[in-house]
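Okay, everyone, thanks for coming.

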Amino acid sequence: MAVASLHQLTVKYGDFVALDDFTVDISEGCVGLLGPNGAGKTTLIKTLLGFLTPTAGSGSVLGTDLSDWRRIRQLVGYMPEQDCHIPGMSGVAFVAYAGELAGMPKEQALRRAHEVLEYCGLGEARYRNVETYSTGMRQRIKLAQAIVHGPKLLLLDEPTNGLDPAGRVEMLELVREVSHGKGLSVLVCSHLLPDIEKTCDEALVILRGKLREQGLIKNLKKVDGHPVEVELGEPSPEFETMIVQAGMPVIHRKLATYRLESPGSPQEALHRVLATAAKLDLSVRGFHVAERSLEEAFLEAIN
Amino acid sequence: MNSPIADLSYRNYDGPLSAPGFRWWVVAKTMMGMAIKKRGFWVWATMGAYWYFILLVMFYFMDTLTGGQINLMKQVIWPDQFVNAFSLAQIVLFSLALLIGIGSISNDRRANALLVYLGKPCSKADYLFGKWVGICLPISIVAAVPAVLFYFYCLMSYRTYGVIGQDMFLLPKILLASFVPGFFHASLCLGISSLFDQGRLAGGAYAGIYFISNLITKAIQVAYIISEHPHGRHSVGTPNPSLANAYYFAVDGIQIGLAKIIFQSDGGQLIVGSPKGGNGAIPIPSIGFILPVYFGICAAAIWIAYVRVRPVEVIS
């Protein structure tokens, strides 16, 4: 089931077309939104929230039409890219206030604020003024205010912005945890492909306001022709010659790792590789179906 | 038994959520809550009643020390007392507006708080109206409470001296006049605050407008008094009526003008003594002049705020 569906949507800033005849179904789970700067990722998020009015097309979020933005914002949690807080408030007051703005009763909002702050790792700092928080803590409190009212869809705009490596790992773990098995779908917008790879199951690639690629990350990483990668104990020119004779041309070699074209199934390829290696008395350290990195897939999509 | 908070895993919230809409009250309530937590609020709120304390002391001594034919209490013009107290509280109410209201939007802009507000089911109108109420109500209450308490004290102690007799609608007039500064400061604070990204700059701009406009209009008042008595205290001149209207072209002047219209009094009697129209009091302005200016300024300020508050900055 799609958490958001957009049909031929066009969004403009004056004469500049930010989203151009954009059609997409965003499925449940954790979905990554990829694209170079100015591709339209943030515009897409802001359109889903009703901040921007499309000039053409239609769409819905969690079954609610885009025009009913109040209902959408109640069902959705939004973590903006920019650092944001309410001046003069402690962490717990800020998150409880966000809950109240979403429609929670005051007592429930306060109780829930304590819970989500603990969950986001800000339990100790919850009574401190948000203005005294470090960058990492501010990222966490943005996540806390976004999930306090129990949204069904979470929109995260660059959630790891400005975080150190440890903070980044922790934030990604939080995102991954809430998006798997908790009944909460997440749309993560990021430039950092490893972040998307770590947290998301599916990705959308946007370029110049158009959808260029969509699918499961594992499918996006697949290489045409199902080649396999074989890692030997040491480089062997004889192996290279014999495996070509066995019907598996070498696509490229890097030290002792060979990427080979596979004529049939991976099992069949494995048999041929093992047979060739046995003849030459070589050890096979690794064998797997070759795949490209997400970065390669992304670059191919945008080029 | 473990506290629920000991379970650090994420759990969904399945509790009640009110229907989206009317979030302005949440904004207003929080703003007022933050205002009353400031120590300065209570200091200024207390200072706002200073003229009523002076009146209390003066009336007590006038009532107990004078009597018979020269009982000074008989000369008191009650609406004048409220107009004067209202005028003298202006600087305090302005300070209060600076304290609780001027940073309301600029500080939110600095902290990108608009994304938090507008990312929830809270519209721009909810946000602005909530902020407006959050400034207007505290200022109005600070203006109303000492005036109402003073009115009831006088009603109980000096009823025979015309508290009701002079104007039986004095209490509703007091309540109405108390909303004049709240309404005006709240609107101006929102408009000016939305033009800046820092509360201090917005405060500086508002203070500049307040004091410069006051300086000019006070100079006009002096010119008016001189034109009233061109050759000393006992001479009588013909003051220029346009000078009188110019006095009201200030942040507090316009509010004083409206208060004079509400009380139908020029505030000429300071405590006791001079009759109505004395002491160089500026005459009551025309309602056709003050009301459009007052509401025009408020509407313009709110319009500026409405235009300036945006969830998405579009650079053309």
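This is a predicted model: local features need pLDDT of at least 70, side-chain atom pairs count only at pLDDT 80 or more; totals for chains, interfaces and linings use all residues.

Let's begin in chain A with strand β1, residues 2-13, and strand β4, residues 56-61. They run antiparallel and five bridges join them. To pick out one of those positions, A:Ala4 has A:Val61 in β4(A) as its bridge partner. Now stay on A:Val61, which also stands opposite A:Thr64 in β5(A). What sits between β4(A) and β5(A) in the hairpin? Two residues, and A:Leu62 takes a positive phi there, near 50°.

The order is β12-β13-β11-β14, with antiparallel pairing. At the edges you find β12 (250-254) and β14 (284-289), each pairing on one side only. Neighbouring strands here are turned by 15° against each other on average, ignoring direction. If you zoom in on β12(A) and β13, residues 257-260, you get four bridges in the antiparallel sense, and A:Lys254 stands opposite A:Thr257 in β13(A).

Two helices go with that sheet. Helix α9 of chain A, residues 237-245, packs on it and touches β11 (228-232), β12 and β13, with its direction at about 165° to that of β12(A). Helix α10 of chain A, residues 266-280, lies across β11, β13 and β14, and runs at about 160° to β14(A).

Okay, on to the aromatics. A pair of rings is described by the distance of the centres and the angle of the planes. How many aromatic pairs are there over all chains? The count comes to 34. I'll show you two, both in chain B.

For B:Phe59 and B:Phe150, the ring centres are 6.2 Å apart and the planes sit at 35°, so we call that pair tilted. The two residues are 91 apart in the chain: B:Phe59 is in helix α3 (residues 50-65) and B:Phe150 is in helix α8 (residues 124-157). Both of them are buried.

Then there's B:Phe183 with B:Tyr294. Centres 6.1 Å apart, planes at 25°, so this one is stacked. It's another link between distant parts of the chain, helix α9 (residues 170-193) to helix α13 (residues 287-308) of chain B, 111 residues apart.

Last stop, the interface. 51 residues of chain A are in contact with 39 residues of chain B. The area buried between the two chains is about 3900 Å², with carbon and sulfur atoms giving 62% of it. On the chain A side, A:Arg70, A:Tyr97 and A:Leu101 lose the most area to chain B, together 17% of what that side buries.

Notes:
Residues are numbered from 1 along each chain as its sequence is written. Chains are lettered from A and ligands numbered from 1 in the order in which they are written. Side-chain values use heavy atoms; hydrogens and water are left out. Two strands pair if DSSP finds at least two bridges between them. Axes are lines fitted to C-alpha atoms, for helices over the stretch in contact, and angles run from 0 to 180 degrees between N-to-C directions. Contact means heavy atoms within 4.5 Å. Rings of Phe, Tyr and Trp (its six-membered ring) pair if their centres lie within 6.5 Å; planes under 30 degrees apart count as stacked, over 60 as edge-to-face and the rest as tilted. Buried means under 20% relative accessible area, exposed over 50%, partly exposed in between (1.4 Å probe, protein chains only). Buried area is the accessible area (1.4 Å probe) that two parts lose on being put together, summed over both.
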